[in-house]
Structures are given as structure tokens and as C-alpha cells.
Amino acid sequence: METKQLNTPEAEAPWLNYYGDVKFHLNYPDYSIADAVFKTAEREAEYPALSFMGKSFSYKTLVEKIDAAAAGFVALGVKKGDKVTICMPNVPQAVFCLYALNRIGAIASMIHPLSAVNEIVFYLKEVGSKYLLTLDQFYGKLAEVEEQYKLNKLIITSAADELGFVKCTAFKLMNAKKNKVDNKDQNVILWKDFINNGKNIELSKHIVHLPANDPAVILFSGGTTGVTKGISLSGLNFNALGLQTAEMCYHPIKHARMLAAMPIFHGFGLGVCIHTILEAGGTSILVPQFNVKKYAELIKTEKPNYIAGVPTLFEALTRNPYLDGAKLDYLKGVFSGGDSLSIELKKRFDAFLVEHGATVRIREGYGTTECVTASCLTPYMEEREGSIGIPFPDTYYKICNVGSNDEVPYGELGEICLRGPSVMLGYLNHPEENANTLRVHADGHTWLHTGDLGYMDKDGFIYFKQRIKRMIITSGYNVYPSQLENIIDAHEAVQMSCVIGIKDEYKMQKVKAYVVLKDGFKPSEELRQDILAYCRKHIAKYAMPYTIEFRSELPKTLVGKVAYTVLEKEANTELESNAG
């Protein structure tokens with residue numbers, strides 16, 4: 001192992017040798033996320049900022065819509081410091097309201113519209129939100145929420161409310177029955193009335209230019225303990241991320257087109273696919289719901305320069321024929337994050353890009369909601385197998401012994417820690433976890449302890465291995481599921497896999513693998529034994545799966561990651577049932 005010389009700048013950032021023409025130090029403005037978008041609009045008034053279902057919104061129109069929504073919120077009584085919940089997919093109204101709230105000094109709390117009733121109640125209570133924006137199709141669920149939690153006002157809109165008269169009327173006629181709202185609900189205000197109410201407001205008296213370090217957005221994540229928490233993020237966090245991402249893209253993103261399929265309530269979707277593009281003066285193409293066929297059609301019709309997603313999105317594109325024959329030579333960047341990109345899937349998708357005329361390769365990144373989203377990315381000039389890349393501008397990484405602030409040598413496994421301008425303000429209502437996660441080290445800097453295991457090579461490239469809480473301990477040995485999944489995924493018959501730990505009286509935990517087969521392969525005992533035999537060649541005996549279960553698909557989280565906790569719960573419940 002090679003030891004770092006910590007007193008020199010070069011040792012603190014060895015990755016600078018692989019930055020090429022990218023700048024490591026950037027200037028970050030002292031203004032809010034709304035101010036960032038308004039400043040872009042001054043330069044790019046007529047350029048399209050958003051595209052949605054065939055309709056384009058220029059930057060001039062965008063800021064007019066933001067101000068109209070801001071006035072609507074003021075008319076409802078929303079003021080500086082209030083929290084307002086946005087429970088929406090990627091539709092224009094969600095974007096307008098996000099920036100509108102920031103414009104008047106309020107804070108947007110972003111949650112998944114498919115969340116269960118009890119989850120929504122938890123999110124509302126956690127932040128103390130009294131206002132909620134959602135789509136008419138979710139009204140029935142929100143009516144149940146209102147039985148448990150008192151809202152001042154429930155703002156209801158339709159996915160088509162901003163499409164113009166003809167499209168809007170057609171959409172509402174087709175969806176009238178399933179999207180019916182109770183007109184007697186006194187808490188409800190429809191989008192049209194919400195906007196009209198603001199027309200008599202003198203908005204200039206209510207505009208607040210928040211300092212960069214003030215809270216702007218609350219996102220929810222499990223953090224290092226797996227318990228859902230609200231994460232308070234500042235304007236600086238988002239504006240810095242936008243500038244960093246633009247710099248790391250290498251190609252200019254001004255006037256570039258980004259396909260925004262990652263959801264607005266997720267750091268990746270909001271931070272990269274929407275705010276980064278709007279801050280830079282590009283076009284964000286909003287995708288309200290992921291469907292691989294429709295997504296492929298959007299790629300062909302919208303011709304985006306950038307696409308970003310979790311590995312399951314890229315997996316879906318390679319498994320289906322919808323882009324057969326399509327030329328993707330307009331792509332300037334393809335980014336994967338949110339979950340581990342297996343070596344095998346990267347190889348498959350890189351080959352897919354070549355087959356379709358693209359000159360780029362998929363670039364894997366890494367990040368956490370605690371720093372909005374990405375803070376590390378494969379550089380444009382070099383990639384290393386299994387690496388998640390090098391740190392973003394002004395972001396420093398180091399690897400520490402788990403449970404301590406002590407840095408380990410290059411190549412040694414430990415907890416990934418980082419610092420930089422995108423690191424969160426903190427968790428809401430969780431002072432103990434803030435103290436455990438945001439730690440002041442001997443250098444005087446505050447470092448974010450991610451709860452993820454990885455290592456750094458001598459050139460500063462980072463390698464993610466496993467989330468600490470997902471580690472399997474069997475017979476005293478540490479087993480890291482993602483390492484086993486990479487091996488299993490390389491078998492010729494395997495499309496994707498998930499490895500979990502199951503309770504075992506003797507070993508404490510034993511290893512089980514779930515496998516989805518590629519098209520053309522059928523589950524059989526012979527194939528199961530063939531995959532196990534393959535595993536024995538590549539996996540240590542103590543880490544070997546005791547069995548493989550075939551599945552037609554694996555459960556996914558709301559943002560498309562494989563939901564390994566669902567499989568863990570299912571397997572352990574079955575074990576307990578059989579024992580009983």
C-alpha cells in the first residue's frame with residue numbers, strides 16, 4: 001500500500017493529473033436558485049428552457065410562470081421560511097413552483113407522488129408543511145392524507161394544465177373519470193384559481209433574494225442509518241452542483257438538450273437534469289413517467305445531447321428493440337448514477353452506443369442526496385474498470401477507517417468521506433446523526449461521512465464497493481453483495497442479479513442470489529447448477545451463495561434501484577415461517 005503525504009496540495013488531490021482541460025477551482029455566486037434561473041433568462045429570453053409533451057417554454061415564459069406561481073403562493077399566505085410540499089412528477093408546474101417558492105423565501109419539500117398515505121403524512125409532519133401541490137390523479141390518496149393531517153391548502157393541477165387549450169381539453173376529457181376531484185373539499189384550490197388569485201398581488205413587495213447558504217430545498221433519503229430523513233439543501237448546494245456538473249461535462253452545455261427522466265423529487269433529477277441545465281441556459285425535456293418505449297421515442301424525436309439515469313434505465317434500453325436503427329450521433333454525454341453500474345452492463349451499453357453511431361461512452365458517477373447528487377464522475381479523458389471516477393471541482397475525497405476520522409492508505413478499503421460546496425446543511429430534526437455524518441477532522445474542515453465503502457487508488461480514482469449497512473457478515477467474514485453481483489452478472493445467461501444475506505443460526509447470515517435471465521434462457525436446475533459452478537470459480541468459498549432463485553424481474557425502489565431490502569424481508573420472513 002502506498003501512503004499519502006497529507007501536507008501537500010498534490011497529495012490532497014492526486015486526481016488533478018486527470019482533469020485535462022477541466023478547471024478544479026470555480027467561482028460560486030452568492031444568490032438563490034431562483035436568482036440563478038432569472039439571471040440565465042436575462043441572457044436567454046427566447047431560448048427554450050423546458051419542453052413537455054411537445055410544448056416548449058422559453059426562458060422568458062418560464063420566469064413569467066414562476067412569478068405567477070409565486071404570487072399565487074403569496075395569496076394563499078405562504079411567506080419566507082414556510083415549507084411547501086411538492087408531490088409531483090416531472091411536469092412544468094412542479095418546476096414553476098419549486099423556483100416560485102424560492103423566489104419568495106419559502107422552502108420546497110420534494111416527495112414522490114406514489115408514496116403511500118402514511119409516508120406522505122410522515123413527510124408533512126417532518127418538515128411542518130401546511131401546503132401541498134399535487135396532480136388530480138393523486139387526489140384520492142391526498143384526501144386520505146387530509147384525514148390524518150390538517151393542510152391549509154391542497155393545490156391540485158392536471159398534467160395538461162400547461163399544454164394549451166386544445167391539448168388540455170382533450171387530456172381532461174380522456175381522464176375525467178379517474179382524475180375526479182371533490183368540489184366540496186374546502187381545502188382544495190385548482191391550478192387555474194391558484195394562478196388567478198395571485199393576479200392582484202404586488203409581487204415585488206414579497207420577493208426575497210435569499211443568500212446562497214440559506215435553505216432552499218428539502219429532499220428525503222435514508223442517510224447512513226437507513227431511516228428516512230429530510231435533508232436540508234441550500235442555494236449554494238444546487239448552484240455549485242450546476243456549475244460543477246457543467247464543467248465536468250467537458251462539452252459546453254449552454255443550449256444543450258437534456259432528457260429529464262430522473263424525477264424532480266430525486267437529487268439526480270432535480271440537481272442535474274433540471275437545475276444544472278436551467279442554470280447553464282439549456283433545455284430540460286421533462287419526462288413525467290418512465291416507459292422504455294416512450295423514452296426511446298423521445299430520444300429519437302427530441303434528439304437530446306445528454307441523457308442521465310440509473311443503471312436499470314440503460315439496462316431497459318439494451319433489452320428492447322425500440323432504438324433499433326436509430327442514430328445517436330447527437331449525444332455528447334451519457335451519465336449513470338444512483339446505483340452501482342456493473343462492469344458487464346457498462347460494456348453492453350458502451351457497445352450499444354457504438355452500434356448506434358454515438359461517439360461517447362457511458363460515464364459513471366457517484367453521489368449521495370447529502371450533497372444533492374453527484375460529486376464524483378468518470379473523467380472525459382480516461383476511465384478505469386470498476387471506478388466511479390474522480391471528484392468534482394472544489395470537492396475533496398478521502399477514505400477513512402470505518403467509525404473514525406483516520407485516513408487509510410491508497411488501495412485500502414474504508415468509508416468514503418468528502419467535502420465541498422454541495423455538502424448539505426444537515427438533516428432536519430436529527431442532531432445526533434448530523435454529528436455522526438458531518439464531522440470536523442484534524443484539518444479543520446467538515447467532512448461528510450457517506451456510510452459507503454470504497455477505496456482510492458494512487459491517482460485519485462475512487463472505487464465504490466458497498467454501502468456499509470448492506471454488508472453481509474457470514475462466519476465472521478465480510479461479504480460485499482455488489483462484488484458478487486458483478487461476478488454473477490458476467491455469466492452468459494444472466495441479465496441482472498441481487499445478492500442478499502439471510503439469517504442463519506450457524507453462520508449468522510448466509511448468502512442468497514436472485515437472478516433474472518437474459519432472453520432466450522429458461523430457468524432450470526441444470527442452469528442453476530451451471531451458474532453456481534461458475535460462481536465457485538470466481539467467489540471465495542465463504543462468500544458463495546448457498547442457492548440461486550430465478551425471478552422474471554426484481555423489485556425496484558421508487559427511483560428505479562433494485563430494492564434488495566424487499567428481498568431480504570421476504571426471504572427472512574419465509575425462513576421464520578418455515579421454522580415455526
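Modeller: Two strands pair if DSSP finds at least two bridges between them. Strands (E, at least two residues) and helices (H or I, at least four) are DSSP runs, numbered from the N terminus. This is a predicted model, in which local features need pLDDT of at least 70 and side-chain atom pairs count only at pLDDT 80 or more, while totals for chains, interfaces and linings use all residues.

Biologist: Which residue in S5 stands opposite Cys87?

Modeller: Strand S3 covers residues 83-87 and strand S5 covers residues 131-135. The two strands pair in the parallel sense over four bridges. In S5, the residue opposite Cys87 is Thr134.

Biologist: Which strands are the edge strands of the open sheet of eight?

Modeller: The pairing in this sheet is mixed, and the order of its strands is S7-S6-S5-S3-S4-S8-S9-S19. An edge strand pairs on one side only. The two that do so are S7 (188-190) and S19 (426-427).

Biologist: What angle does the direction of helix H6 make with that of S6?

Modeller: Helix H6 (residues 139-148) packs on the sheet and touches S5, S6 (153-157) and S7, where touching means heavy atoms within 4.5 Å. Axes are lines fitted to C-alpha atoms, for helices over the stretch in contact, and angles between N-to-C directions run from 0 to 180 degrees. For H6 and S6 the angle is about 175°.

Biologist: Why are helices H4 and H10 described by the word they get, and what is that word?

Modeller: H4 (residues 92-103) packs against H10 (residues 267-280) with the axes 13 Å apart and an angle of about 70°. Angles of 65 to 115 degrees count as roughly perpendicular, under 35 as roughly parallel, over 145 as roughly antiparallel and the rest as oblique. Therefore H4 is, relative to H10, roughly perpendicular.

Biologist: How many charged residues does the contact of H4 with H10 have?

Modeller: From H4 come Val95, Leu98 and Tyr99, and these meet Leu270, Ile274, His275 and Leu278 in H10. Asp, Glu, Lys and Arg count as charged, while Ala, Val, Leu, Ile, Met, Phe, Trp, Tyr, Cys and Pro are nonpolar and the others, Gly among them, are polar. The contact has six nonpolar residues and one polar residue, and the number of charged ones is none.

Biologist: Which residues is Ala280 in contact with, leaving aside its neighbours within four places in sequence?

Modeller: Ala280 belongs to helix H10. Its C-alpha atom is 43 Å from that of Ile472, 192 residues away along the chain. With the neighbours within four places set aside, the contacts of Ala280 are Thr40, Ile253 and Lys254.

Note on methods
Residues are numbered from 1 along each chain as its sequence is written. Side-chain values use heavy atoms; hydrogens and water are left out.
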